[in-house]
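Welcome, and thanks for taking a look at this one. Below is a short tour of the model, arranged by topic so that you can follow along in your viewer.

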Amino acid sequence: MTEASSSAASGSSGQATTQTAAGAGGVLAATCLSTFVVNANTSAVSILLPAISADTGMDVTTLQWAVTGYSLVGAAVIVTSGSLGDVFGRKRIFQLGLMLFVVSCIFIALSSSGGAVIAGRVIQGAAGATILACGLSLLSVANDGEAQLRAVSLWGAAAAVGAAAGPLMGGVLVSVMGWQGLFWVDAVIAVVCIVITARQVSESRDTTRSRSIDYAGSLLIALTLAPLILALSKGGDWGWASVATLACLAIGVAAGFGFVAVERRVAVPMLDLGLLRNRVLVGSTVAILIGAGTINALMYLLSLYFQDPNALGFTTLQAGLATLPATVGLVAIAAAVPRLTARLGGRQVVAIGFVLTAVGFAALGFADADWAYRAFLLPLLAVAVGMGLSNGPASSASTACVPEKQVGSASGVSNMARYVGAAVATALAATIYGAVIADRTAEGHTAGEALASGLATASWVMAGFSMAGVLMAVLMGRHQPAKGTIHDAAAAAASTAMTLRTTATGSAVAKV
């Protein structure tokens, strides 16, 4: 991936359009509203799975593909959609993303089967990634200097608030309109964004960029991830040494090698393989992947556990309220992260964050059928605060460790990593959770005991991944820290969804 294909994170060069103040306001309204609804939608869906399962008859373990399928396609599309906007017009591709989002919302809301819901969410993954990538590009080119910093900070705040509000919104709408309500409301908001964009946003494109688009790279990313996630999801049922499982693994590995081969040959690669020699970038990117994966896995597991009648038996609204401390804690701590990073150092804060996350997951590893909600509260807050501490500095490090001309490329790598982590970790958590529950039930344990064992085992695995994040902090080494401005705080808060520029971005080369 080249700089031009990620102008969302790095600003812009060679732009063909200068926005008026009114036009810039229209861009700000359309992009902030759209990123709010996309992030709220993304974080809310796990809460809805039990309700969707009850209505469609599909088990929640299979319905995890509504979450992993979304992330899988997002990983394949996030960089390419930015490239399409640079070449064919950011407004045009942004509107296409919004239209696709509306279509997917309507399709899901009208679905009567779990398979249709999953298919709609796969489409929505492409739409959401396109909206985020092209929306931030439009916002970047519509403003300059301090105005750009303010606009991007507001965009980051909208992304963070959307992610925090999603579970509660989902819970409220289920109680009023059924699980379909979230998608109807999201469709209406997306239509409003389309109207604002059509009336107030001017077209822009990067006239200096090559018109080459790495379509093969996007396809091969999907072909790498999909069979690997399928093997993780079905390996227990098929048998880990079965022909089906081994075939999925072989296809994924072959597609991965194919992706590397393609990236070495295309004119404008989706991924600049040379960046992988930068250990700070590799360490921060893997840290981002682990962080995104574990927080998504946690929300998936707790959404199911809290609503199961054999566990806490919460309603969807109660479950949304119960998970709210985690999302709010993650966003709230972000305001303090830049100053902590400036004082202690980025890798130290990342390491502290992952240690705290691991402690929280380890505490959940002792989950018992007799636990009331209050027993979950401190572990939940520990995971969330730890994630908030680690995610922002890792995101900042991913762009601070490369020269200015490679900031867009580095940002694209980390944005893709978020989607990959969410897809893989959620699938793994769902597999472990379901397999342990089945084993404990077959051994004669009560339903409550089996559920608690499933949650505990999956939590221990996530604790292990969190400790691997500490190793990534060591790998990151020393790098240019952010200064701790309000803009840095917004970038840290938004880092669950997108890598934004910070005051550390554009430093020469990381210190190792």
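Which residues does Ala231 touch, not counting residues up to four places away in sequence? The answer is Trp240, Thr245, Cys248 and Leu249. Please keep in mind that this is a predicted model. With that said, here is the wider picture.

**The chain as a whole**
- The protein chain has 18 helices and zero strands.
- Of its 512 residues, 60% are buried.
- Taking contacts between residues at least 6 apart in sequence, 84% join residues at least 24 apart.
- The chain has an accessible surface of about 18,200 Å², and carbon and sulfur atoms account for 67% of that surface.

- Ala231 is found in helix 9, which covers residues 215-238.
- Ala231 has a relative accessible area of 2%, so it counts as buried, the cut-off being under 20%.
- Gly252 is 21 residues away from Ala231 along the chain, and 9.5 Å separates the C-alpha atoms of the two.
- Ala254 belongs to helix 10, made up of residues 243-263.
- Ala254 is partly exposed, because its relative accessible area of 47% lies between the limits of 20% and 50%.

**Helix 7 against helix 12**
- Helix 7 spans residues 145-177, and helix 12 spans residues 316-334.
- The two helices pack with their axes 8 Å apart, at an angle of about 175 degrees.
- Angles over 145 degrees count as roughly antiparallel, and therefore helix 7 and helix 12 are described that way.
- On the helix 7 side, the residues that meet helix 12 include Ala160, Ala163, Ala164, Pro167, Gly170 and Gly171.
- On the helix 12 side, the residues that meet helix 7 include Gly320, Leu321, Leu324, Thr327, Val328 and Val331.

**A nonpolar patch on the surface**
- Ile106, Leu110, Val172, Val176, Met177 and Trp184 form a nonpolar patch on the surface.
- Together, these residues have about 550 Å² of accessible area.
- Helix 7 supplies the largest share of the patch, with three residues.
- Val172, which lies in helix 7, is a member of the patch and is also among the residues that meet helix 12.
- Val172 has 36% relative accessibility, so it counts as partly exposed.

**The salt bridge**
- The structure holds one salt bridge, and the side chains of Asp86 and Arg90 form it, at 3.0 Å from N to O.
- Asp86 is buried, because its relative accessible area is 0%.
- Arg90 has 1% relative accessibility and therefore counts as buried too.

**Ser71 in helix 4**
- Ser71 has its place in helix 4, which runs over residues 65-88.
- At 6% relative accessibility, which is under the 20% cut-off, Ser71 counts as buried.
- Leaving out residues up to four places away in sequence, Ser71 touches Tyr419, Ala422 and Ala423.

Key. Residues numbered from 1 in each chain as written. Predicted model: local features only at pLDDT ≥ 70, side-chain atom pairs only at ≥ 80, totals over all residues. Heavy atoms only, no water. Patch = residues over 30% accessible without salt bridge, like charges linked within 9 Å, V, L, I, M, F, W, Y side chains within 5 Å. Areas by Shrake-Rupley, 256 points an atom, 1.4 Å probe, with all protein chains shown as cover. Salt bridge = Lys/Arg side-chain N within 4 Å of Asp/Glu carboxyl O. Helix = DSSP H or I, 4+ residues; strand = E, 2+ residues; numbered from the N terminus. Buried < 20%, exposed > 50% of the residue type's maximum accessible area, 1.4 Å probe, protein only. Axes fitted to C-alpha atoms, helices over the stretch in contact; angles between N-to-C directions. Parallel < 35°, antiparallel > 145°, perpendicular 65-115°, else oblique. Contact = heavy atoms within 4.5 Å.
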